[in-house]
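User: Hello! I am new to this structure and would like a close look at a single part of it, followed by a walk through its surroundings.

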Amino acid sequence: MTEFLIRRVLQSLLVLFLISIVTFGLIHAAPGGPTQIFLSPGLSQEAGRIQAHNLGLDQPVYIQYVRWLGGMLQGDLGQTFKNNLPVSEILWPTVQNTVILMGVAWLFAMLIAIPWGIYNSTSEYGISDQTASMISYIGFAMPVFWFGIMLQELISIKWDLLPLSDMYTMGKEGDMGDLFMHLVLPVSVLTLGFLASYVKYSRTSMLEVLDQDYIRTARAKGMKERRVVFRHALRNAMIPIITILGLDLPILVAGAAITESVFNWPGMGRLFIEMAVAREYSVLMAITVITAVIVVVGNLIADILYAIVDPRVQIGRKGGVSS
Amino acid sequence: MVKKKWTSLMLIVVLIGSLLSACSSSNSTTNPPKEQPKPSDTKTEPVKENTAQTPKDGGVITLGTFSDIVTANPLFASDTSSGDAINLIFANLYDVDRKANVVAEPWSLAAELPQISEDSKTYTIKLKPEAKWSDGQPVTADDLIFSINTTRNPDVGSPGISSFDKVDTVTKVDANTVQIKLKQVYAPFLYSLRLSLIPNHILKDVPAKELKKHPFGADPTKTVTNGPWKWTEWKQKQYLSFDADPSYWGAKKPHIAKVVYKIYADQNTEVQALIKGDIDSVSAIPVTQLAAVQSKENLNVVLAPGPLYEYLGFNFKGENFPGNVSLFTGEKTRQAIAYALNRQGMVDNILKGTGKLMNSPFLPGSWADPGEAAVNYSYDAAQAKKLLEEDGWKAGADGILTKDGNRFSFELQYNTGNNRREQVAAVIQQNLKDVGIEVKPRGIDFAAWQEQNINPGKYQAILAAWSLTDPDPNSESIFSSKYFPPGQNAGWYKNDKLDQLWVKGYSVVDQNERKKVYQEIGKEISTNLPYVFLYQYGTPQGLGPKVKYAEEDKPEPSLAYGYMFRIINWWVE
C-alpha cells in the first residue's frame with residue numbers, strides 16, 4: 001500500500017507538471033493577450049511596450065513559465081495583470097463557495113440516488129423505477145440554465161418564497177439560515193443533474209451484480225433477500241459507482257459555470273470564464289492546477305475505496321484484482 | 001478612465017456585444033414609435049414615474065452591473081464598472097451638461113470654466129478653495145499638476161495618457177490655480193479636463209512603476225477620495241458599497257445615504273433582480289428582455305440610444321483581396337451598397353426600436369451633428385443597381401457582379417456570440433444578394449479578431465462599432481491616413497480632403513467655427529463613405545420604483561455614464 005501510494009504520488013506529480021506545461025503553452029498561444037484586453041486603445045505602442053515589459057510579458061514563454069513555476073513551488077500563485085490583486089485572495093473564497101454549493105448538491109444526490117437505485121434494482125420497472133427513469137430523462141435533457149430560470153421565475157419572483165440569487169443577503173454574510181435559503185434553488189438544479197446519472201448507475205450496477213451466479217447461490221441457500229442485497233450484492237455493485245463519484249469529484253471544486261452564473265453564486269465556474277475572457281494567465285493557471293490536483297486525488301481516493309469495499313482488490317499488486 | 005479624454009473613440013465590441021447577445025425571445029409588441037433623428041432630440045421615454053418634486057435624504061440605492069471593477073484609482077481605470085465607482089467617489093475637475101458641454105457644476109472641483117488664452121494654447125484653471133479630500137486635506141493645484149503629470153508619464157501605464165499628449169507644461173500659479181500650456185491648438189483638450197484627481201499628498205513619493213501596485217484604488221480604507229460618497233467595502237465579484245461622506249465639501253450634498261453596486265454574472269438574472277426589486281437600476285437591458293421589463297408597470301425604461309454607433313467598414317488595401325485590388329475602391333460602388341441596405345429595417349426588427357439611423361460619425365442631436373448636410377441613403381435597390389452599373393459592374397454567369405475579372409464577393413467579419421451583429425450580417429447578406437453582391441458572413445472570437453484582423457487591418461469588410469465616450473466630435477484617429485494600422489484606421493482609408501478637415505476641426509477652439517468644419521466633414525464623409533454608417537444604438541436602462549429625481553436630473557442615455565447622470569441629486573423613497 002505504501003509503495004503504491006508513493007508510486008502514485010510520483011506519477012501524479014509528473015502528470016501535474018506536464019499538465020501545467022501544456023496549459024501554460026496553450027493559454028499563451030491563444031490569440032489576444034492580457035495587454036490587449038486591459039490596455040486601452042489610447043495607449044501608444046511605446047507605452048504599451050513599457051507596460052508589457054513591467055509585467056514580464058515581453059519575455060519568451062519558457063522564461064515566463066519557469067518564473068511562474070518558481071512562484072508556484074513557493075506557494076505564490078502570482079497576481080492579476082489587470083489590478084495586481086494576489087491570485088490566492090481571489091481564488092480561495094471562490095473555491096470555498098463552490099465547494100459549499102457543489103458539495104451540498106452532490107451529497108444530496110448521492111444520498112437519494114444510491115438507495116433509490118438499489119431499491120429500483122430490486123423491483124425493476126415498478127412505479128418507483130419508472131419515476132426514476134423519468135427524472136433521469138428530464139435531468140439529462142433539460143438545459144440547466146433553463147431549469148434554473150424557471151425556478152427563479154416561479155418560486156422566487158411569482159411566489160416570492162426564496163431569494164432570486166446570490167449566496168447571502170447583503171449584510172447577512174455568515175448567517176447559516178440565510179445561506180440555506182439561498183442554497184435551495186441552485187442545489188435543486190444541480191441535484192437534479194447529478195441525480196439523473198447516479199440513479200441510473202447504481203440501479204444498473206446492482207442489476208448486473210444481482211444476475212451473477214453467486215447471488216443465485218446465496219438465494220438458493222435460503223438467505224434472506226435483504227441480506228443478499230446488502231451483504232453480497234451491494235459491495236460489488238459499489239465499485240463502478242465509486243468510479244463515477246471519484247471522476248465527479250473535481251466538479252465539486254471546478255464548479256458549474258452556468259448554474260453559478262444564473263444564481264449569481266460567487267464560485268469558481270464563473271471565475272474561470274471571466275478570467276479566460278480577461279486573459280488573466282495566473283488565475284487560469286492556478287485554477288487548472290487545482291483542478292488537476294483534484295482529478296488526481298479523486299482517482300487515488302477511488303482506488304483506495306475499491307480496496308475497502310472489495311477486499312479482493314489488492315492495491316499495488318500487478319494485475320490489480322486477484323482472487 | 002473612460003470619462004477622461006483618451007483617443008476620441010474606442011472599440012467596445014466586447015461588452016456591448018455580449019449585452020445584446022442572448023437567447024432570442026418572442027417579438028416585442030411594445031415597440032416605441034419610430035422617430036426620425038432630429039437635432040436636439042435627446043428625448044427619452046417618459047420618466048414620469050420617477051420624477052418627483054421633494055427630495056428625501058437617506059435610503060439605499062442598489063445599482064446592478066455585469067462586471068466587477070478593476071480598480072477605483074482614476075489613473076488606471078478604463079472599464080465601465082471602474083468608471084461607475086470612480087464617478088461616485090471622486091469629483092471631476094469639470095463635468096458635462098445634458099448637451100455634453102463642459103461645465104463647472106457645484107460638484108465639480110473647478111470653480112469656473114478655464115480661461116483660454118488669445119493663442120488658444122494656454123488654459124488657466126481655478127479650483128474651488130473649499131474642495132477637500134476625505135482625510136481633510138484640501139484639494140490643491142499640486143493635486144491637479146500631479147494628476148496630469150502622472151497620467152502623462154509612460155512608466156505609469158495610465159490608459160489616460162493620450163488625453164494629455166498635447167500638453168507641453170503644467171505650472172502652478174497659486175495654491176488653487178494651474179496653467180496648462182499645449183504644444184498646439186487642440187480644441188478637444190477641453191474634454192480631457194473632465195478628469196478625476198489623485199491625491200498628491202498620498203502618492204507623490206510612490207515610484208511611477210509602483211503606482212499600479214499601491215493599495216490606493218484597491219483597498220477602500222486606503223483610498224482617499226473627494227466625491228459625494230466614500231468607498232466603504234469591496235467584496236470581490238459580489239458588490240461594492242459607498243456611503244455618503246459626512247465631510248463632503250460640496251455645497252450640494254448627496255441625498256442617498258448608501259449606494260450599493262452589485263455585480264451579476266448573468267444578464268437575465270440581473271433583469272430578474274430588477275423585476276423582483278433586489279436592485280433599483282440596470283444600466284443595460286438586453287434587447288431580448290426589453291419587453292419583459294416594459295410590461296411591468298412599476299418599472300421605468302429609458303430607451304433612447306447611447307453614445308455608440310455600428311458601421312459596415314470597408315477595407316481599401318488591395319492585398320486583402322484575391323485580385324489584389326479592393327472591391328470597394330469605387331465611390332459609386334460604396335454608395336450603391338449604402339442604398340442597398342435596409343437600415344431602417346435593422347433598427348425596427350433587430351434593435352426593436354432602440355436605435356436611430358446615422359449618416360455620419362457624429363451623434364444625432366449633438367452640437368456637431370451635420371443633420372441634413374450628411375447624405376441619407378434610404379433603402380433603394382434600384383438606385384443601387386444603377387450605381388453599380390455606372391461603376392462598371394456587370395452580372396456574371398452566376399448572377400454575381402464582376403468587373404475587370406474580379407467577382408463581387410467578399411467576407412464580412414464580426415465577433416461571434418454577438419447576436420445583434422449575427423442578425424445584421426444576415427440582413428446585409430440578403431440585401432446585397434438582391435443587387436448581385438455575394439457576402440460571406442464570418443464570426444470570429446473577439447480577441448482573435450482584434451489581434452489578427454483589426455489591428456493589422458487584414459480583412460475585406462467588418463461589422464463593428466465605435467463608442468463615442470468622449471463627446472468631442474474629433475474622429476481623426478479612425479479616419480485619417482495618419483493612423484493606418486496598427487493605428488485605428490484599420491480599413492486603410494485615405495481621403496486628403498478629410499485628412500485636412502479633421503486637423504482644421506480641432507485647430508480652432510470656437511465651437512461655432514468648429515461646427516462649420518464638422519458640417520463639411522459630415523457631407524464629405526457621407527458621400528465618400530469609408531463606412532456605411534448604420535445606426536446609433538444603445539442599451540436601455542431600467543429603473544425601479546424607489547428611484548426618484550427631478551426632471552432636470554433624469555438619466556441622459558446619450559452621454560457615457562448617462563445612466564447615473566447627476567445622481568448626486570437623486571433620492572430614494
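This is a predicted model: local features need pLDDT of at least 70, side-chain atom pairs count only at pLDDT 80 or more; totals for chains, interfaces and linings use all residues.

Leaving aside its neighbours within four places in sequence, which residues is Ile145(B) in contact with?

Analyst: Once neighbours within four places in sequence are set aside, the contacts of Ile145(B) are Val170(B), Thr171(B), Lys172(B) and Val178(B). To find Ile145(B) on your screen, look for helix H3 of chain B, which runs over residues 141–152. Ile145(B) counts as buried because its relative accessibility is 14%, and the cut-off for buried is under 20%. For a sense of distance inside chain B, take Gln429(B): 284 residues separate Ile145(B) from Gln429(B) along the chain, and their C-alpha atoms are 53 Å apart.

From here we can look at other parts of chain B. Helix H12 of chain B, residues 446–454, is mostly covered, with seven of its nine residues buried. The buried residues of H12(B) are Phe446(B), Ala447(B), Ala448(B), Trp449(B), Gln450(B), Asn453(B) and Ile454(B).

Charged pairs give another way to explore. Over all chains, the structure holds 32 salt bridges. One of them joins Arg421(B) to Glu310(B), with 2.5 Å between the closest N and O atoms. This pair links distant parts of the chain, since Arg421(B) sits in helix H11 (residues 419–433) of chain B and Glu310(B) in strand E13 (residues 308–314) of chain B, 111 residues apart. Arg421(B) counts as buried because its relative accessibility is 0%. Glu310(B) is also buried, again because its relative accessibility is 0%.

Two further pairs in chain B have partly exposed partners. Asp398(B) and Arg407(B) form a salt bridge in which the closest N and O atoms are 2.7 Å apart. Asp398(B) is partly exposed, at 47% relative accessible area, and Arg407(B) is partly exposed at 34%. Lys494(B) and Asp496(B) meet through their side chains in a salt bridge of 2.9 Å, N to O. Here Lys494(B) is partly exposed with a relative accessible area of 49%, while Asp496(B) is partly exposed at 47%. Over in chain A, salt bridges with shared partners join Glu124(A), Asp129(A) and Arg203(A) into one network.

Now to the place where the chains meet. There, 42 residues of chain A are in contact with 45 residues of chain B. The area buried between chain A and chain B is about 3,600 Å², and carbon and sulfur atoms give 56% of it. Four salt bridges are found across this interface. Asp160(A) and Lys276(B) form a salt bridge, with the closest N and O atoms 2.5 Å apart. The interface of chain A and chain B also has 10 residue pairs in polar contact. On the side of chain A that touches chain B, the elements giving two or more residues are helices H2 (34–38), H3 (45–54), H5 (87–122), H7 (144–158), H11 (257–262) and H12 (268–278) of chain A. The residues on that side of chain A divide into 17 nonpolar, 16 polar and nine charged.

Stepping back to chain A as a whole, its secondary structure comes to 13 helices and zero strands. The C-alpha trace of chain A spans about 85 × 60 × 35 Å along its principal axes. Of the 323 residues in chain A, 50% are buried. Among contacts in chain A with a separation of 6 or more, 70% are between residues 24 or more positions apart. Chain A exposes about 16,400 Å², with carbon and sulfur atoms supplying 67% of that area.

Thr23(A) lies in helix H1 of chain A, residues 2–29. At 16% relative accessibility, Thr23(A) counts as buried. Neighbours within four places in sequence aside, Thr23(A) is in contact with Met285(A) and Thr288(A).

Ile145(B) belongs to helix H3 of chain B and is buried at 14% relative accessibility. Beyond its neighbours within four places in sequence, Ile145(B) is in contact with Val170(B), Thr171(B), Lys172(B) and Val178(B).

Notes: Residues are numbered from 1 along each chain as its sequence is written. Chains are lettered from A and ligands numbered from 1 in the order in which they are written. Side-chain values use heavy atoms; hydrogens and water are left out. Contact means heavy atoms within 4.5 Å. Buried area is the accessible area (1.4 Å probe) that two parts lose on being put together, summed over both. A polar contact is a pair of N or O atoms within 3.5 Å; within protein, one must be able to donate a hydrogen and the other to accept it, and residues adjacent in sequence count only if both atoms are side-chain atoms. Helices (H or I, at least four residues) and strands (E, at least two) are DSSP runs, numbered from the N terminus. Ala, Val, Leu, Ile, Met, Phe, Trp, Tyr, Cys and Pro count as nonpolar, Asp, Glu, Lys and Arg as charged, and the others, Gly among them, as polar. Buried means under 20% relative accessible area, exposed over 50%, partly exposed in between (1.4 Å probe, protein chains only). Accessible areas come from the Shrake-Rupley method with a 1.4 Å probe; for residues, only the protein chains shown count as cover.
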